[in-house]
Amino acid sequence: MRKPLLVAMTTAMSVGLAAFIPVAANAGAGDTPSTFSLTASGGLSISVPDGSVTPVNLGTASTGSASLSNSLGNVTVTDGRGALDAGWTAAASSTDFTTGTATADETVTKANVGYWAGVGTAQLGQVGAFTPQGTLLTPVSLAGTGANIGAWLGTGNNTVTWNPKITFTLLPAQVAGTYSGTITHSVS
Amino acid sequence: MRRLLASLAVVGAFVVPATPAYSATGHAAAAAANKHPGLGIQLLEAPTALANDPRARLYIIDHLKPGVTITRKMQVSDGTTSPLDVSLYAGGAEIKDGLWSPYDGNRPNELSQWISVQPSTLHLTPGQSAVVEATVAVPADASAAERYAVVWAAASIPGKGPIHEVARTGIRVYLSVGDGGAPPTDFGIDTLSGARTNDGRPEVLAQVHNTGGRAIDISGSLKLTDGPGGLTAGPFPAKLGTTLAPGESEPVTVLLDKSLPAGPWNARIVLQSDLLKRAAKATITFPSAAGITGPPVAAKAVPLDRHRQLLVPLAVLLIVLAALALLLWLWRRRRRDEDDERDPKPTSVVPAQRSATDRLRARSR
């Protein structure tokens, strides 16, 4: 009478114990696919000043000026990837700016183009910070290949807008004219 | 129901048209474009083997044997107000001073030359998006190492002024090459030092050393305890996004509140890259002058993952003990019953009555 009860109790005990171990092991392995269900929404995008409505222009300087500095217009990076460790770096590069036949005095080499992103404006409530490289007085030189101009370090979706200050260092013999060139913004 | 939703979402994330297909320029697409203005790119595929790796959702991350080829689909979208001619290509990248640093233009490195994107050009109208596929073909004679590149979508933004603009957005590629399994991810926290920024805010610098074979992206937090008057502060988030290549060592900074007293404090920092966590502690004091970094204090590693290795066996042990106690109790009861049976008692007592007498007897003892 008592014996079967005792056996039943022990069996229940060991079954309970056995059940406990695989459950713990399963929890460790994790249910693999559900990790991916959070992925799909937006990506990483960049918007730069659109010159089709208002031409992008960096102002005028008289010949003999040492430099010309002006704001380019808003650059916006939107990161909709929703990552725990959400980071991206923004880089800028430039071509030489030339006028006429692009002789030495008709050229502002890219080594003489400086870039400062400024503090940047993040949307309210975002977690993280945008750190620009360089300062207003010591902008990042676009001489090299792919200068980092700023980085966002934070958590979750984020949108950051900055209006970069572009500085051209001019030659004493710089020729008058409309100089044109290309500025590339990259985000990854 | 929740599981069903999750699996539906997964299917959505994985099943994409096999050939580059253009999405409809519908109302929804335009609305989505407004949410993500500009030129956008998103990874649509991740390896199931790296399902637990959050970075694998954002970047192309893999460990491949020489001679292996993989493909990854990604979506490129035009969120501008103009039609765009997008070019797609891979460019080299490196990790420099703790920052991800892609090269300018399509300047290649070894890895970027192994990557091709199909199609290599796209024409997108505002609000439109298309799926492209990147192929990474590792040559059979590739040497074992981790390499970095970016798959770029680049477009010239139309304009009338003298300044032309190009927008580029890309997906990072962290590719480890070698035979056997993926090289281990590991890092150590060597030292902690108290410092003060130029504007007088205290900060903690944790020197992190990547001792594994893969690049790591660090995040984490710091807690201060046992300060002056028994004060406790934090947790303060670590400045995120510090990227370290294998073998590299860089400080991770944690900016603190200006009102904190100088110390000494017991600082405990927990840092994480993907699923790997490391903790360390040290006693630090913040310098009194601004712009000064105090001497680095050797950090003592605090075991973190040992907790689980300890807790699970402990729980098992407790359950076994409980089972033993129950068995012992049952066994003692049974012995007592047997003793009762040996007592000179009328055999006509029915079991129910007998147990009632047992209870009475037990109470009287």
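In chain A, strand E7 (residues 113-116) is joined to E10(A) by two bridges, and the two strands run antiparallel; strands here are DSSP runs (E, at least two residues), as helices are DSSP runs (H or I, at least four residues), and both are numbered from the N terminus. Across this pairing, A:Gly114 stands opposite A:Ser141 in E10(A). The structure is a predicted model, in which local features need pLDDT of at least 70 and side-chain atom pairs count only at pLDDT 80 or more, while totals for chains, interfaces and linings use all residues. Residues are numbered from 1 along each chain as its sequence is written, with chains lettered from A and ligands numbered from 1 in the order in which they are written.

**Confidence**

- The model scores ipTM 0.74 and pTM 0.65.
- Chain A has a mean pLDDT (the predictor's confidence in each residue, from 0 to 100) of 76, with 77% of its residues reaching 70 or more.
- Where pLDDT is low, the predicted coordinates should not be read in detail.

- The secondary structure of chain A consists of one helix and 14 strands, and 38% of its 188 residues count as buried, that is, with 20 or more other C-beta atoms within 10 Å of their own, whereas 12 or fewer makes a residue exposed and values in between partly exposed, the C-beta atoms being placed from the backbone.
- Among the contacts in chain A with a separation of 6 or more, 77% are between residues 24 or more positions apart.
- E7(A) and E10(A) belong to an open sheet of four strands in the order E2-E13-E7-E10 (chain A), with antiparallel pairing, where two strands pair if DSSP finds at least two bridges between them.
- The edge strands of this sheet are E2 (67-71) and E10 (140-141) of chain A, each of which pairs on one side only.
- A:Lys165 lies in strand E13 (residues 165-169) of chain A and is partly exposed, with 18 other C-beta atoms within 10 Å.
- Apart from neighbours within four places in sequence, A:Lys165 is in contact with A:Ser69, A:Ser71, A:Trp116, A:Gly118, A:Leu136 and A:Pro139; A:Leu72, 93 residues away from A:Lys165 in sequence, is 6.3 Å away in space, C-alpha to C-alpha.

- Eight strands form an open sheet in the order E8(A)-E12(A)-E3(A)-E1(A)-E1(B)-E3(B)-E8(B)-E6(B), with antiparallel pairing.
- At its edges stand strand E8 (121-122) of chain A and strand E6 (115-118) of chain B, each with a single partner strand, so one side of each is left without a neighbour in the sheet.
- E8(A) is joined by two bridges to strand E12 (residues 158-162) of chain A, running antiparallel, and A:Ala122 stands opposite A:Val160 in E12(A).
- In chain B, strand E1 (residues 38-43) pairs with strand E3 (residues 69-79) in the antiparallel sense over six bridges, with B:Gly79 in E3(B) as the bridge partner of B:Gly38.
- E3(B) is in turn joined by nine bridges to strand E8 (residues 129-137) of chain B, again antiparallel, and B:Thr69 has B:Ala137 in E8(B) as its bridge partner.

- Strand E11 (residues 187-196) of chain B is joined to E12(B) by nine bridges and runs antiparallel to E12(B); the two form a hairpin with five residues between them, and B:Gly200 in the turn has a positive phi of about 90 degrees.
- E12(B) also pairs with strand E16 (residues 249-255) of chain B, in the antiparallel sense over seven bridges, and B:Leu205 stands opposite B:Thr253 in E16(B).
- B:Leu192, which stands opposite B:Ala206 in E12(B), is among the residues with the most contacts inside the largest nonpolar core, which has 107 residues; such a core is a set of buried Ala, Val, Leu, Ile, Met, Phe, Trp, Tyr and Cys residues joined through C-beta atoms within 7 Å.

Technical notes:
Contact = placed C-beta atoms within 7 Å.
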